[in-house]
Structure formats: C-alpha cells, structure tokens
Amino acid sequence: LKTYARQILSGLKFLHDHDILHRDIKPKNILVDHRGILKLTDFGLSRHLQSINPNTNPCGTIAYMAPDVLKGRFSIGSDIW
C-alpha cells in the first residue's frame with residue numbers, strides 16, 4: 001500500500017511540477033501493471049494551473065472531489081485530497 005501511495009504521489013508531483021492539475025484522481029483513473037507499477041490515466045479534465053480562474057466550474061467525480069473544488073477553488077491540494 002505504501003508503494004502504491006508513493007507512486008501516485010510521485011505521478012502527481014510530476015504533474016504539479018509542470019503546473020498541471022489532474023482534477024479527477026480516483027481508483028478508476030489509476031492503472032496497475034503486472035509488476036505493480038501504477039500509471040495515472042484519463043487526463044480529459046486536466047488543466048494548466050494558470051488557465052483555471054474563479055469562473056472555472058467544479059469538475060471531477062463528486063465522490064472523490066475535494067471540498068474546496070465544490071466551492072470552485074482548485075489547487076494542487078485538490079488533486080492530493
């Protein structure tokens with residue numbers, strides 16, 4: 001479990017280092033290969049951090065959405081939630 005969490009956070013760090021928010025992190029969007037290597041998938045809702053503004057509508061899967069996203073506030077923390 002620690003290895004999986006570390007891999008997910010590593011993938012998010014790569015995105016966030018490039019100012020990209022995934023905006024839909026959920027189990028369905030994380031693939032595991034036969035060696036236990038995780039891959040983040042489904043970047044359809046991803047956006048460059050600078051393109052998100054106060055008028056950006058909340059998006060993602062409600063059951064996995066950070067509370068701040070429901071208020072229209074996206075951040076790197078929203079992906080980690």
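**Salt bridges and their surroundings**

Modeller: Let's start with Asp24, which is buried, with a relative accessible area of 8%. Please keep in mind that this is a predicted model, where local features need pLDDT of at least 70, side-chain atom pairs count only at pLDDT 80 or more, and totals for chains, interfaces and linings use all residues. Residues are numbered from 1 along each chain as its sequence is written, and side-chain values use heavy atoms, with hydrogens and water left out.

Colleague: Why is Asp24 called buried?

Modeller: Buried means under 20% relative accessible area, exposed over 50%, and partly exposed in between (1.4 Å probe, protein chains only). Asp24 has 8%, so the label is buried. Lys26, at 15%, is buried too.

Colleague: What makes Asp24 and Lys26 a salt bridge?

Modeller: The term asks for a side-chain nitrogen of Lys or Arg within 4 Å of a carboxyl oxygen of Asp or Glu. For Asp24 and Lys26 the N to O distance is 3.6 Å, so the pair qualifies.

Colleague: How many salt bridges does this rule give?

Modeller: The count is 3. Lys13 pairs with Asp17, with the closest N and O atoms 2.7 Å apart. Those two residues lie 4 apart in helix α1 (residues 2-17), which means about one helical turn separates them.

Colleague: Why is Asp17 called exposed?

Modeller: Its relative accessible area is 51%, so Asp17 passes the cut-off for exposed.

Colleague: And what is Asp33 called, next to its partner Arg35?

Modeller: Asp33, at 24%, is partly exposed, whereas Arg35, at 61%, is exposed. Their closest N and O atoms are 2.9 Å apart, so this pair also counts as a salt bridge.
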